[in-house]
Amino acid sequence: MSKIPPLERPFSASAAHAGGLLTINLGAIANNWRRMAALMGEKEAAGVVKANAYGLGADAVGRVLAAAGCRTFFVAVPEEGVALRRVVPGAVIYVLSGPIGGAEGLAPFFAANLRPILNSWEQVSLWRSHAPESAAYGLHLETGMNRLGIPQPEAYALASSLSPALVISHLACADIPNHPLIEEQRQAFSELRALYPTARASLANSAGVLLGRDVHFDLARPGIALYGGNPLPTQPNTLEQVLTLQLKVLQVRRVDSPQSVGYGATYQVQPGNWLATVAAGYADGLSRTLSSAGWGLLGGVRVPMAGRVSMDLITFDVTNAPRQAVYEGAVITLIGQEDASEGTQAHSLDDLAREAGTIPYEILTSLSHRYARRYVGGAS
Ligand SMILES: *Cc1c(COP(=O)(O)O)cnc(C)c1O
């Protein structure tokens, strides 16, 4: 029978009624950040906690990273920075999108002591006409991503009149080792950062930290590595796994004649097969692309999804699971290990992302608000 790991905190009353239980190991997040910091040596590792810490909870994650020694944080939009400021009062917080919405968009930066990353000539002039001289900011320099950032000619033109605290750029192909664009961007960034000699420089995301010293510069911006996703999918994932996602079985049935399962009748079952339907679906971030492609764990064995993922339900073919593990109220583990014991097989975040045809980032940021959430391993 599958076991739910021991609780550090009791589930809230509503959690007993949730279709899915999400367990987030804050100790693993802290350890993954320490790994990044160790790889950076005497240089610094920041923590990227945008999009609610990739869906895992920016309050809890911000707190645990600060306790582990993280002093610099990156969020995407000002509102995220304002919320994070309450939990990390002493840290430096950079906002990657910079000010949004003209002069009025500057208010949160001053109110919460946030540093914008200025991404365009327009953002630079806005900041210069309203911000006090002493207010620190970063500058995003375009080197090949062509998403956000100040193009080279403007970076040269602005250099003599600006003194950013930080210059950044972003690697387009950091997760593809030996891609020629990595070296092109590194060179372009080295040249541009030299225009701003008093600024610290930041180029590497998680994959960049793993790529090595050449792209480390002064400050790294790891995100996905902290949350246990594999930054370099072509290599084994050596990070600690952070998540466990358990889905509750609503109904079990033994098939007694040849049948099909679910919308579109895409999956066939035979007499003697067993089916179990869980209380989560694509409305919970479990993409429809997982249909007949995803796996879970039940009673120590892998069980495949049977047919289409529906909005609120997924049916598994549990024929191979031990009979005593198949009952209403059991849980199918979709991410992580069924129990904490050594050597228990796991179905990782990376596995689920691959089966869904996406990346772990998207799985994380789509995690349902309907799941009950439990944090373990934190300093409290
Ligand atoms: C999201 C983001 C990161 C973090 O990237 P990971 O691949 O998750 O480590 C770093 N820098 C910028 C500019 C980002 O947008």
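Ala53 counts as buried, because its relative accessibility is 0% and buried means under 20% relative accessible area, with exposed meaning over 50% and partly exposed in between (1.4 Å probe, protein chains only). The structure is a predicted model, in which local features need pLDDT of at least 70 and side-chain atom pairs count only at pLDDT 80 or more, while totals for chains, interfaces and linings use all residues. Residues are numbered from 1 along each chain as its sequence is written, and side-chain values use heavy atoms, leaving out hydrogens and water.

**Positive phi values**

- Ala53 is located in helix 2; helices (H or I, at least four residues) and strands (E, at least two) are DSSP runs, numbered from the N terminus.
- Although Ala53 is a residue other than glycine, its phi is positive, near 55°.
- Asn146 is also a residue other than glycine with a positive phi, near 55°.
- Asn146 belongs to the loop between strand 7 (138–140) and helix 7 (152–158), and it is exposed, with a relative accessible area of 65%.

**Helix 3**

- Helix 3 spans residues 58–68, and its buried residues are Ala58, Ala60, Val61, Gly62, Val64, Leu65 and Ala68.
- The cover over these buried residues includes helix 1 (26–39), helix 2 (50–54) and helix 4 (78–85), together with strand 3 (47–48), strand 4 (72–75) and strand 20 (372–376).

**The ligand**

- The ligand is surrounded by 13 residues, of which the closest are Lys50, Tyr54, Ser206, Ile224 and Tyr361; a residue is near a molecule if one of its heavy atoms lies within 4 Å of it.
- A polar side-chain atom of Lys50 lies 2.6 Å from an oxygen atom of the ligand.
- For Ser206, a polar side-chain atom lies 2.5 Å from a ligand oxygen atom.
- For Tyr361, the distance from a polar side-chain atom to an oxygen atom of the ligand is 2.6 Å.
- The ligand taken alone exposes 390 Å², and the protein buries 93% of that; accessible areas come from the Shrake-Rupley method with a 1.4 Å probe.

**Asn273**

- Asn273 lies in the loop between strand 13 (267–269) and strand 14 (274–278).
- Asn273 is buried, with a relative accessible area of 15%.
- Not counting residues up to four places away in sequence, Asn273 touches Arg253, Arg254, Val255, Asp317 and Thr319, where contact means heavy atoms within 4.5 Å.
- Asn273 and Asp317 are 44 residues apart in sequence, and their C-alpha atoms are 7.4 Å apart in space.

How values were computed: A polar contact is a pair of N or O atoms within 3.5 Å; within protein, one must be able to donate a hydrogen and the other to accept it, and residues adjacent in sequence count only if both atoms are side-chain atoms.
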